[in-house]
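Hi there,

Here is the structure I promised to pass on. My notes on its charged side chains follow below.

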Amino acid sequence: MAKRKYSPSIPAEPHLCRELRDPVVASDLLDYAAAEGDSSDLLHALRKVAEANDRVRARRRIQATSRQRKAQSVKPG
């Protein structure tokens, strides 16, 4: 029997992070997880929302640091 070749899958994580940066989407997810009544689902949803927003803050911090370093290296001296 011949093996089937499947195309590589696309990771969902980057898309999920983009979606969870939207406060409305994050709120809907948390409301749904809380309504289900399972604390592990709620904790998982909270973790995903926090990770998505922390990545944004980390990226901004890295970009700001990079800009500062570039500005310091360009100073006439």
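Arg18, Arg21, Arg59 and Arg60 form a patch of positive charge on the surface. A patch takes residues with over 30% relative accessible area and no salt bridge, joining like charges within 9 Å; Lys and Arg count as positive, Asp and Glu as negative, with His and the chain ends not counted. Each charge is placed at NZ of Lys, CZ of Arg, CG of Asp or CD of Glu. Arg60 belongs to helix 3 (residues 39–74), helices being DSSP runs of H or I with at least four residues, numbered from the N terminus. At 57% relative accessible area, Arg60 is exposed (over 50%; buried is under 20%, partly exposed in between; 1.4 Å probe, protein chains only).

Please keep in mind that this is a predicted model, where local features need pLDDT of at least 70, side-chain atom pairs count only at pLDDT 80 or more, and totals for chains, interfaces and linings use all residues. Numbering starts from 1 along each chain as its sequence is written, and side-chain values use heavy atoms, without hydrogens and water.

There is a negative surface patch too, made of Glu19, Asp22, Asp28 and Asp31. Asp22 sits in the loop between helix 1 (13–20) and helix 2 (23–36) and is partly exposed, at 34% relative accessibility.

The whole structure has 1 salt bridge (a side-chain nitrogen of Lys or Arg within 4 Å of a carboxyl oxygen of Asp or Glu). It pairs Glu51 with Lys48 at 3.8 Å, N to O. These two are about one helical turn apart because they are 3 residues apart in helix 3. Glu51 is partly exposed at 29%, while Lys48 is buried at 19%.

Best wishes

Terms used. Patch = residues over 30% accessible without salt bridge, like charges linked within 9 Å, V, L, I, M, F, W, Y side chains within 5 Å. Areas by Shrake-Rupley, 256 points an atom, 1.4 Å probe, with all protein chains shown as cover.
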